[in-house]
Amino acid sequence: MTDTATADNTYTVLPFTMDEGLMARAAIGLVVLATDQTLEHEWRQIIDLPGVAFFESRLYNSPDITPANLAAMEKDITAAVELIVPDVPLQVVAFGCTSGSIVIGEEQVAQRVRNARPGVAVTTPITGAVAGLKALGARRVALITPYVQSVNQLFERHLQSRDLQVSRIATFNHSNDNEVARIDAASLRAAILATGAHGDVDAVFVSCTSLRMATLIASVEHELGKPVIASNSAMAWHALRLASVRDALPQFGRLFEI
């Protein structure tokens, strides 16, 4: 049976036209960890651009940040990506876990994503961070993390494999992701200034999507006199550039001027 208008003309079928919606310039997919309290908040601040939209999905993870728990997420990546606006073409998919991307492997993360979205560009926080550090001309890096030693060692090896020298490592040494999101700006600023001040450091990389860094970066860069990048903002920058969105956003740090 076909729906029809009522005979008394009180029901009207309206004509309409369509535009390109929220994503006239770019549509980006984002996979967020179940425990993450920070990533979406920071991306909403950064990716507040006309015609650029991002759509997210959550992936289950343990709040205890260990190599074994990080590796366990791999099996769920494809299913999480499948839930991101399935009928909308995406230019980029970002997998929102820095340490997980290292443990699983950037290439393996990309393959899991492309099982759901063949041919899509893929980034992760570590992918964006490495691209950002190289774009800034930094080779000697101070790494600041909340992670335990076993995870930090994986980071050091990974960055070295990407032709970056890890000159310094400083850690809050806290494995509970639910609480890492509550590390405050004063603690982050003090860590960056103390660790980044050394002469063997070209730039500071603050790793972990749970750390609240987006609005801190520009001011602490000015105080330190060196580039500072962080997981969420580096991944946002890389996702935008992969989607051919090149807007300068200096309020989020030097990286966004490139």
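Where in the protein chain is the place of Phe 256? Phe 256 lies in the segment after α11, the helix of residues 231-242. This briefing concerns a predicted model, in which the secondary structure of the protein chain comes to 11 helices and 8 strands.

**The chain as a whole**

- The C-alpha trace of the protein chain spans about 80 × 40 × 30 Å along its principal axes.
- The protein chain has 258 residues, and buried residues make up 51% of them.
- Among contacts in the protein chain with a separation of 6 or more, 79% are accounted for by residues 24 or more positions apart.

- In sequence, Phe 256 and Ala 236 are 20 residues apart, and their C-alpha atoms are 9.6 Å apart in space.
- Leaving aside residues up to four places away in sequence, Phe 256 touches Ile 46, Ser 233, Trp 237, Leu 240, Arg 241, Asp 247, Ala 248, Leu 249 and Pro 250.

**Helix α1**

- Helix α1 covers residues 39-46, and its buried residues are Leu 39, Glu 40, Glu 42, Trp 43 and Ile 46.
- Seen down the axis of α1, these buried residues fall within an arc of 165°, so they line one face of the helix.
- The buried residues of α1 pack against the strands β1 (26-33), β2 (52-59) and β3, and also against α11.

**Helix α7 and the residue that follows**

- Helix α7 comprises 13 residues, 149-161, and reaches 18 Å from its first C-alpha to its last, close to the 18 Å expected at 1.5 Å a residue.
- Val 151, Asn 152, Phe 155, His 158 and Leu 159 are buried in α7.

- The 12 residues of α9 should span 16 Å at 1.5 Å a residue, and the end C-alpha atoms of α9 are 16 Å apart, which agrees.
- In α9, the residues Leu 188, Ala 191, Ile 192, Thr 195 and Gly 196 are buried.
- Seen down the axis of α9, its buried residues fall within an arc of 100°, so they line one face of the helix.
- What covers the buried residues of α9 includes the strands β5 (140-145), β6 (165-171), β7 (203-206) and β8 (228-230), together with α10.
- Helix α9 (residues 185-196) packs with helix α10 (residues 217-224) at an angle of about 30°, and their axes are 10 Å apart.
- The crossing of α9 and α10 is right-handed.
- Arg 189, Ile 192, Leu 193 and Gly 196 in α9 meet Ser 219, Val 220, Glu 223 and Leu 224 in α10.
- By class, this contact of α9 with α10 has 4 nonpolar, 2 polar and 2 charged residues.

**Val 228, in strand β8**

- Val 228 is placed in strand β8.
- Val 228 is buried, with a relative accessible area of 2%.
- Val 228 and Val 204 are 24 residues apart in sequence, yet 4.7 Å apart in space, C-alpha to C-alpha.
- Not counting residues up to four places away in sequence, Val 228 touches Ile 192, Val 204, Val 206, Met 213, Ile 217, Val 220 and Glu 221.

**Positive phi values in two loops**

- As background, most residues other than glycine have a negative phi.
- Val 85 lies in the loop between α3 (77-82) and β3 (92-96), and its phi is near 25°, a positive value in a residue other than glycine.
- Val 85 is partly exposed, with a relative accessible area of 25%.
- Cys 208 lies in the loop between β7 and α10, and its phi, also a positive value in a residue other than glycine, is near 130°.
- Is Cys 208 buried or exposed? Cys 208 is buried, with a relative accessible area of 6%.

Conventions
Residues are numbered from 1 along each chain as its sequence is written. This is a predicted model: local features need pLDDT of at least 70, side-chain atom pairs count only at pLDDT 80 or more; totals for chains, interfaces and linings use all residues. Side-chain values use heavy atoms; hydrogens and water are left out. Axes are lines fitted to C-alpha atoms, for helices over the stretch in contact, and angles run from 0 to 180 degrees between N-to-C directions. Helices (H or I, at least four residues) and strands (E, at least two) are DSSP runs, numbered from the N terminus. A crossing is left-handed if the near helix is turned anticlockwise from the far one by less than a right angle, and right-handed if clockwise. Contact means heavy atoms within 4.5 Å. Ala, Val, Leu, Ile, Met, Phe, Trp, Tyr, Cys and Pro count as nonpolar, Asp, Glu, Lys and Arg as charged, and the others, Gly among them, as polar. The expected span of a helix is 1.5 Å times one less than its number of residues. Buried means under 20% relative accessible area, exposed over 50%, partly exposed in between (1.4 Å probe, protein chains only). The arc is that of the directions from the helix axis to the C-beta atoms.
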